Amino acid sequence: MPELPEVETVRSDLERFVTGKKVIKITIKQDFVKKIQPSAAEFVSSLENERLAGIYRRGKMLVFDFGPNKKVLAHLKMTGQFVFVSPRNELTAGGHPIDQEAGKPMKFNKVHFDFGSAGDLFFNDMRKFGYFKLVGDEEAEREMIRFGLEPHTRSFTIKKFEGILERRPRWEIKKFLLAQDLIAGVGNIYADECLFAAGIRGDRPVASLAGDEIEKLFAALKRIMAKAIKYRGTSVSDYVDGRGNKGGYARFLNVYKQAGKICHRCGRGQIQKTKLAGRGTSYCPVCQK
Ligand SMILES: [Zn+2]
């Protein structure tokens, strides 16, 4: 699933193409109708002929702003992908690639936003875990405040980090990092990479972390998330950015999907894979304590 850096990359790419444009027509495939809230009919009638004012993001969720009281919350989930086709037929894809010409009519096109002469935005989803939810401003606000701190931002401070750590003393630190209501946008890739950078094993209880370990983990979250955004996310197998390219962060991975390899840092440990918080977890048994 795309994490904060990947979703942010998709957002910033799409924003450049569709902001300020008016949706002329919206078409929803029959097999995706139940993934549209409050209903496909209301979604279409409320948004047709509206102009897209901007695209925001909280955690892994995208918010399409169609003006006052018309916000669309969208989630890519496992296999969702946005594809923008410009009037000159240039393709811009973000999310998960699908082995077909993504902008062409095909069975994985689930939602089509027709921007008339300005181009077309398609939402493709092979496994149909993605969704769209049209909400008013108040509900959008309520949905947004459910998310925790955004780790790459200035408002993520060591004080706030310590504050949320104190709320979950008995949780395993890996589970803590994945909790979207505490820290927004960190998924399996960046949780494992941050724990490696901080030298901490994912099964440690939060309360067992020493002061210098908390500082290292805080610094790792800030640095790694910012760097991953800069490099347009990580492509391991299934993610492409808003330009249809693979994310550039994959070359910096130290543990995620590296099981069996010898650790770059210590040159001795063999990267292990185990299961924590229900997720595959990779770590170096030498570097991480
Ligand atoms: Zn190591």
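The paragraphs that follow take up the salt bridges and then the zinc site.

This is a predicted model, in which local features need pLDDT of at least 70 and side-chain atom pairs count only at pLDDT 80 or more, whereas totals for chains, interfaces and linings use all residues. Residues are numbered from 1 along each chain as its sequence is written, and side-chain values use heavy atoms, with hydrogens and water left out.

Side chains of opposite charge can pair when their charged atoms come close. If a salt bridge is taken as a side-chain nitrogen of Lys or Arg within 4 Å of a carboxyl oxygen of Asp or Glu, the model contains 16 salt bridges. One of them joins Glu150 to Arg58, with 2.8 Å between the closest N and O atoms. This pair links distant parts of the chain, since Glu150 sits in the loop between α3 (137-145) and α4 (158-167) while Arg58 belongs to strand β3 (residues 54-58), 92 residues apart; helices (H or I, at least four residues) and strands (E, at least two) are DSSP runs, numbered from the N terminus. Glu150 has 10% relative accessibility and therefore counts as buried, where buried means under 20% relative accessible area, exposed over 50%, and partly exposed in between (1.4 Å probe, protein chains only). Glu150 and Arg58 also belong to a network of salt bridges that includes Glu8, Arg11, Glu15 and Arg57.

Lys71 takes part in two of these contacts. Its salt bridge with Asp137 has its closest N and O atoms 2.9 Å apart, and because Asp137 lies in helix α3 and Lys71 in strand β5 (residues 71-75), the pair ties together parts that are 66 residues apart in sequence. Asp137 is partly exposed, with a relative accessible area of 31%, whereas Lys71 counts as buried at 13% relative accessibility. Lys71 also forms a salt bridge with Asp65, the closest N and O atoms being 3.1 Å apart, and here both residues are buried.

The metal site is built from cysteines: the SG atoms of Cys263, Cys266, Cys284 and Cys287 coordinate the zinc ion at 2.2 to 2.4 Å, donors being N, O and S atoms within 2.8 Å of the metal (3.2 Å for Na, K and Ca), with water not among the atoms, so sites may look incomplete. The angles among the four donor atoms run from 102 to 116°, and the site is tetrahedral, a label given to four donors if all angles lie between 85 and 135 degrees. Along the sequence, the donor residues follow the spacing C-x2-C-x17-C-x2-C. Cys263, in the loop between α7 (211-230) and β11 (272-276), and Cys287, in the segment after β12 (279-283), are 24 residues apart, and both are buried.

Note on methods
Four donors count as tetrahedral if all angles lie between 85 and 135 degrees; four count as square planar and six as octahedral if opposite donors are over 155 degrees apart and all others between 65 and 115; anything else is irregular.
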